[in-house]
Amino acid sequence: SKTVDLSNHKNFRALKSGARSPYISVINMPRLGGPKGFFSLAEARRSEDGNFDGIISIGVQRSYFEKFYAQLADKGRFFSLTRSDGTIVARYPELARPIKLPTDTEIRKRIARGLDQSIYWTTSPVDHVEYRIAYRKLEGYPLYVVTGVARNELIDEWLRYNIRYLI
């Protein structure tokens, strides 16, 4: 049987050096073709005496989340799964390339302050649209589910619903 050495992979190195477990990787592209990208969810494996003894890792296709989010999204809305460091691992509408949100974005500032959930207005650095953003941390994981509704879509929806009361 052939032995495969994965000790040079970032998730292995991160967990071995003491990163919090579970570890969520950035987007990886498959080496042998297949899905358009995936991220790894890895957990440190410890011996009985607590020493590092390797990792248990699975690859998660980002398209799984993108397809699910596509079923939820209406015009002017987005959904994403974002790491605590601002790296977007899945999003609908899909991104042309992986993005890590700058540290000065509102969501990064709120996460840094320890807010596991929040609702606020901001202009997105991804598409430069003003959104009403809501996010919530997935308990036990360094991941946040983020959704946004464009300001103009909220106003249009409010007007469609309330116009009969305004005339």
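I am working on a predicted model, where local features need pLDDT of at least 70, side-chain atom pairs count only at pLDDT 80 or more, and totals for chains, interfaces and linings use all residues. I number residues from 1 along each chain as its sequence is written, and side-chain values use heavy atoms, with hydrogens and water left out.

**Entry 1: salt bridges**

R83 forms a salt bridge with D85, and their closest N and O atoms are 2.4 Å apart. For this term I used a side-chain nitrogen of Lys or Arg within 4 Å of a carboxyl oxygen of Asp or Glu. I find nine salt bridges in the structure.

Next I checked K75, which bridges to E153 with closest N and O atoms 3.6 Å apart. K75 sits in the loop between α2 and β4 (77-83) and E153 in helix α4 (residues 151-166), so this pair ties together parts 78 residues apart in sequence. My helices (H or I, at least four residues) and strands (E, at least two) are DSSP runs, numbered from the N terminus. Are these two partners buried or exposed? K75 is exposed, at 64% relative accessible area, whereas E153 is buried, at 9%.

Then I turned to R151 and E130, whose salt bridge has its closest N and O atoms 3.4 Å apart. R151 belongs to helix α4 and E130 to strand β8 (residues 130-137), so the pair ties together parts 21 residues apart in sequence. R151 is partly exposed at 34%, and E130 is partly exposed as well, at 32%. I also noted a network: salt bridges that share partners join R83, D85 and K100.

**Entry 2: what surrounds E130**

Which residues does E130 touch, leaving aside its neighbours within four places in sequence? I get W121, T122, T123, V149, A150 and R151 in contact with E130, where contact means heavy atoms within 4.5 Å.

**Entry 3: strands**

I traced an open sheet of three strands in the order β1-β2-β3, paired antiparallel; two strands pair if DSSP finds at least two bridges between them. Its edge strands are β1 (23-24) and β3 (52-61), each of which pairs on one side only. Strand β2 (residues 38-46) and β3 run antiparallel and share eight bridges, and R46 stands opposite F52 in β3.

I then moved to β8. Seven bridges join strand β7 (residues 117-123) to β8, and these run antiparallel, with S118 opposite Y135 in β8. Seven bridges also join β8 to strand β9 (residues 143-150), again antiparallel, and A134 faces T147 in β9. I reminded myself that in a regular strand the side chains alternate between the two faces of the sheet.

Which turn residues have a positive phi? In the β7 and β8 hairpin, with six residues between the strands, H128 takes a positive phi near 65°. In the β8 and β9 hairpin, with five residues between them, G140 has a positive phi of about 85°.

On a 1 Å grid over the protein atoms alone, a cavity is a set of points where a 1.4 Å probe fits but cannot get out, while a pocket is an open set with protein on both sides within 12 Å along at least five of seven lines; lining residues have an atom within 4 Å of a point. Grid points are joined across faces, edges and corners, and a volume is the space filled by probe spheres set on the points.

How many cavities of 30 Å³ or more turn up in the whole structure? I find one. The largest cavity has a volume of about 60 Å³. Its lining includes I27, R62, E66 and L95. β5 supplies the largest share of this lining, four residues, and α2 (62-72) and β5 (87-92) each give at least two. I sorted the cavity lining into six nonpolar, no polar and four charged residues, counting Ala, Val, Leu, Ile, Met, Phe, Trp, Tyr, Cys and Pro as nonpolar, Asp, Glu, Lys and Arg as charged, and the others, Gly among them, as polar.

Last, I looked at the second largest pocket, with a volume of about 280 Å³. It is lined by 13 residues, and R20, P22, S84, Y141 and P142 are the closest to its centre. The pocket lining divides into six nonpolar, three polar and four charged residues.

Conventions: Buried means under 20% relative accessible area, exposed over 50%, partly exposed in between (1.4 Å probe, protein chains only).
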